[in-house]
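This report describes the protein chain shown below.

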Amino acid sequence: MSAVDESGGRARQLREKAQELRQAAERADDPEQRQRLKEKADRLQQQSEQVSGMSSGDIYPLE
């Protein structure tokens, strides 16, 4: 497996986990827990975009 394949797989895993966290946030009764889950999902989504960008040849991480 090439580094690009591994990066693509990692990006996909991060996106899937972010989606799971967003769904959990929607079900959360506690507003603070909902906010924490949404923030964590956002961070994972950003990481996914960085990994995806690096695997496509974009050497600059997203800011």
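In this predicted model, Lys17 is partly exposed, having a relative accessible area of 40%. The side chain of Lys17 forms a salt bridge with Glu20, and the closest N and O atoms are 4.0 Å apart. Lys17 and Glu20 both belong to helix 1, where their spacing of 3 residues amounts to about one helical turn. Glu20 is likewise partly exposed, at a relative accessible area of 45%.

**Salt bridges**

The count of salt bridges comes to 3.

| Pair | N to O distance |
|---|---|
| Lys17 and Glu20 | 4.0 Å |
| Glu16 and Arg12 | 3.6 Å |
| Asp42 and Arg22 | 3.5 Å |

Glu16 and Arg12 are both in helix 1, 4 residues apart, or about one turn of the helix. Glu16 has a relative accessibility of 44% and counts as partly exposed; Arg12 is partly exposed as well, with a relative accessible area of 44%.

The side chains of Asp42 and Arg22 also meet in a salt bridge. Asp42 lies in helix 2 and Arg22 in helix 1, so this pair ties together parts that are 20 residues apart in sequence. Asp42 has a relative accessible area of 41% and is partly exposed, while Arg22 counts as partly exposed at 26% relative accessibility.

**Nonpolar core**

Which residues make up the largest nonpolar core? The core consists of 8 residues: Leu14, Ala18, Leu21, Ala25, Ala28, Leu37, Ala41 and Leu44. Helix 1 (3-27) and helix 2 (31-55) each supply at least two of its residues, and the largest share, 4 residues, comes from helix 1. Leaving aside residues up to four places away in sequence, Leu37 touches Leu21, Ala24, Ala25 and Ala28.

Arg43 is found in helix 2 and is partly exposed, with a relative accessible area of 47%.

**The chain as a whole**

The secondary structure comprises 2 helices and 0 strands. Of the 63 residues in the protein chain, 19% are buried. Among contacts with a separation of 6 or more, 46% involve residues 24 or more positions apart. The protein chain exposes about 4900 Å², of which carbon and sulfur atoms supply 45%.

Notes:
Residues numbered from 1 in each chain as written. Predicted model: local features only at pLDDT ≥ 70, side-chain atom pairs only at ≥ 80, totals over all residues. Heavy atoms only, no water. Buried < 20%, exposed > 50% of the residue type's maximum accessible area, 1.4 Å probe, protein only. Contact = heavy atoms within 4.5 Å. Areas by Shrake-Rupley, 256 points an atom, 1.4 Å probe, with all protein chains shown as cover. Core = buried A, V, L, I, M, F, W, Y, C linked by side-chain atoms within 4.5 Å.
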